Amino acid sequence: IFLKSGMLDKAEEALKKAESLEAHEMIYFNLGVLYGKFKKFELSIDYFKKALSLNLKNADTYFNLAISYTNLNNQEEAEKALEKAKYLNSGYEKFTL
């Protein structure tokens, strides 16, 4: 709720508390999105990778990982992540980096 409403500091607080209670793919995914909004792309990548360690079939996570790599000018890794997103969900076929 906090993340969608733009209350990023509150979102971070709530997600970090949730993370301390359990490892869950969506907690990691949302932390990745949050740190992307903070332009902390290294952290965002770390959290997207944690999410993928729990579910390798989430195209949205690969797509967001690609965006974070692009923001760090790591086109090679961005392309790999985008290709995985496209493989898992044809809806991502229209996207290029």
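Me: In which loop is the place of lysine 39?
Reply: This is a predicted model, in which local features need pLDDT of at least 70, side-chain atom pairs count only at pLDDT 80 or more, and totals for chains, interfaces and linings use all residues. Residues are numbered from 1 along each chain as its sequence is written, and side-chain values use heavy atoms, with hydrogens and water left out. Helices are DSSP runs of H or I with at least four residues, numbered from the N terminus. On that numbering, lysine 39 lies in the loop between α2 and α3.

Me: Is lysine 39 buried or exposed?
Reply: Buried means under 20% relative accessible area, exposed over 50%, and partly exposed in between, with a 1.4 Å probe and protein chains only. Lysine 39 has a relative accessible area of 62%, so the residue is exposed.

Me: How many of the 13 residues of α2 are buried, and what covers them?
Reply: Among the buried residues are Glu25, Ile27, Tyr28 and Phe29. The count is 10 of the 13, so α2 is largely enclosed by the rest of the structure. With contact meaning heavy atoms within 4.5 Å, the cover includes α1 (8–21), α3 (41–54) and α4 (59–71).

Me: Is asparagine 30 buried, exposed or partly exposed?
Reply: Asparagine 30 is found in helix α2. Its C-alpha atom is separated by 18 Å from that of threonine 70, 40 residues apart along the chain. With a relative accessible area of 25%, asparagine 30 is partly exposed.

Me: How are α1 and α2 oriented to each other?
Reply: Axes are lines fitted to C-alpha atoms, for helices over the stretch in contact, and angles run from 0 to 180 degrees between N-to-C directions. α1 and α2 pack at about 150 degrees, with their axes 10 Å apart. Angles under 35 degrees count as roughly parallel, over 145 as roughly antiparallel, 65 to 115 as roughly perpendicular and the rest as oblique. That makes α1, relative to α2, roughly antiparallel.

Me: How do the residues of the contact of α1 with α2 divide by class?
Reply: The contact is made by Leu8, Ala11, Glu12, Leu15, Lys16, Ala18 and Glu19 of α1 and Ile27, Tyr28, Asn30, Leu31, Leu34, Tyr35 and Lys37 of α2. Ala, Val, Leu, Ile, Met, Phe, Trp, Tyr, Cys and Pro count as nonpolar, Asp, Glu, Lys and Arg as charged, and the others, Gly among them, as polar. The division is nine nonpolar, one polar and four charged.

Me: In which hand of crossing does α3 pass α4?
Reply: α3 and α4 pack at about 155 degrees, with their axes 9 Å apart, and are therefore roughly antiparallel. A crossing is left-handed if the near helix is turned anticlockwise from the far one by less than a right angle, and right-handed if clockwise. The crossing of α3 past α4 is left-handed.

Me: Which residues does serine 68 touch, not counting those up to four places away in sequence?
Reply: Serine 68 is found in helix α4 and is buried, with a relative accessible area of 4%. The residues touched are Phe41, Ser44, Ile45 and Phe48.

Me: What angle do α4 and helix α5 make?
Reply: α4 passes α5, residues 75–88, in a left-handed crossing. The two helices are therefore roughly antiparallel to each other. Their axes are 8 Å apart, at an angle of about 160 degrees.

Me: What phi does asparagine 73 have?
Reply: Asparagine 73 is in the loop between α4 and α5 and is exposed, with a relative accessible area of 67%. Although asparagine 73 is not a glycine, its phi is positive, at about 60 degrees.
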